[in-house]
Amino acid sequence: MGTQTTNSKLGYILAGLLLAILMASMDNTIVATAMGTIVGKLGGFDKFIWVTSAYMIASMAGMPIFGKLSDMYGRKKFFLFGMIVFLIGSILCGTAQSIVQLSIYRAIQGIGGGALVPIAFTIIYDVVPPEQRGKTMGLFGATFGLSSIFGPLLGSYITDYIDWRWIFYINLPIGLLSLLFILIHYKQSVGHSEQKIDWAGAVTLVGATLCLMFGLELGGHTFAWSSPQIAGLFAGFAVLLLAFLWTEARAKEPIISYRMFRNRLFRASALIGLFYGVAFIVATVYIPIFVQGVMGGTATSSGLLLLPMMLGVVASSQIGAMLCSKLGYRSVMLIFGFIFLLGISLLATLTTSTPKWLITVYMIVTGLGIGASFSVLSMAAIQHLSPMQRGSANSTISFVRELGMAIGVTVYGIVQRNHFAAGLADALKGGAQQVGGISSDPRVLLSPEGRAAIPAPLLEKIAGVLSGSISYTFLWALVPTVLVICFILMLTNDKTVAEEDESAAQPAA
């Protein structure tokens, strides 16, 4: 078994997987930071949203498919395939001459990213001895969480001091090193059998994901929510989702097996991951906006303010994973779930007079509540599944978390924008024209130049409205956070196994 791996080889394997997870999961946040510069160089302001969306859509659509294929044909070949495709996409992105080209190349990157992260987590479980899994999964969970915070800092530095194309080229040395470590040191150890590929399931899943993501990305921006285009996309999502569910119920080897959902630990972990994703993305998106728009900080200072949350993520990811062998999954997740609830509640109290040190405290609490979910849920989801199901299970957990984040960005973006627009119209009583249409877009407040162009009394009013809209958004983010607590209660209180016993890993039938 994978637990026979020598310590020296295991170190190289873990280093390779860590690099891959950091690179793939950090990519979107690096690009988002540099987007203003990229649009300034390449043009295409009306299409820039697709640079980020193309990666997310391709990655999400591929996750469950690559996870299942890794169960069927082996982890190593699909991890290496994902890395090669990701690096090819990175090279192409660095050479892009237009926003359209860049969006296409980002989709290629996303295909590779969809294979890397879930398979990397599965390989960990295959090669790490049971007594070390808690500590190791904590480290990898922390890396996954850190990516969304560290990415903006690295992206802003590269864009400001080197060149925006290097946000893609920097992947090459990292990715090649990861590929080399896995290629040389990881020997396929978990048994697998070649089976018939569920093509109908793959097509309907990808189609449903595309319709949902296009609908969420285009709705309210390119097209009105009530437009035939958006209604058609959501209708397409519903039809294809039903077709996917029907197909999976009849497929011999489905992409996402219903049998896994009969397992209580897996089912609860998937639901917790979905709503954690919704609430988590609200914190990471709106804290920087609050710092820049309300407090007048720079992009770098707002990114640095997220560092306390990063420290909280690292600590709780490690602590949570290690506690699972002593307290059990439900007890551990309840502790950190209530900490997360406290963190979001504190963020809902933000005002223009909240000092930075207090925001730092709020972020540490929120980070402590988030980190354990990255490690503990991955461990819980595959606790009672056979090695033949681990790839599919891990990729499904990654998929639903990403889905939650995509839904969270859209839904809470609407909540914040509508509250901001209504509050501004009331505060300025029709005077919003003085600031160039800021009533529908507060981004002018995020740059020092934009703030300097607004008279001080007016700026104070606008900052107050923005602060109120962000606090209101955090207040509504308590809904998915409370749902997280509810679904944590569905977990069993199983503890991580102390010794390897593959015969105890039951197919989730």
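Modeller: A helix here is a DSSP run of H or I with at least four residues, and helices are numbered from the N terminus. The model is a predicted one.

Biologist: In which helix do Y472 and W476 both lie?

Modeller: Y472 and W476 are four residues apart, about one turn of the helix. Their rings form an aromatic pair, with 6.4 Å centre to centre and 70° between the planes. The helix that holds both residues spans residues 456-476 and is α18.

Biologist: Is W476 buried, partly exposed or exposed?

Modeller: Buried requires under 20% relative accessible area and exposed requires over 50%. The relative accessible area of W476 is 43%, so W476 falls between these limits and is partly exposed.

Biologist: Why is the pair of W166 and Y169 edge-to-face rather than stacked?

Modeller: W166 and Y169 lie three residues apart in helix α6. Their ring centres are 5.4 Å apart. Planes over 60 degrees apart count as edge-to-face. The pair is therefore edge-to-face because its planes meet at 80°.

Biologist: How many aromatic pairs does a search of the whole structure find?

Modeller: Ring pairs also link F66, Y73, F78 and F81 into a cluster. Over the whole structure, the number of aromatic pairs found is 13.

Biologist: What distance does helix α7 reach from its first C-alpha to its last?

Modeller: Helix α7 covers residues 171-185 and has 15 residues. Among its buried residues are N171, F181 and H185. At 1.5 Å a residue the expected span is 21 Å, and the reach of α7 is close to that, at 21 Å.

Methods:
Residues numbered from 1 in each chain as written. Predicted model: local features only at pLDDT ≥ 70, side-chain atom pairs only at ≥ 80, totals over all residues. Heavy atoms only, no water. Helix = DSSP H or I, 4+ residues; strand = E, 2+ residues; numbered from the N terminus. Expected span 1.5 Å × (residues − 1). Buried < 20%, exposed > 50% of the residue type's maximum accessible area, 1.4 Å probe, protein only. Phe/Tyr/Trp six-rings, centres within 6.5 Å; stacked < 30°, edge-to-face > 60°.
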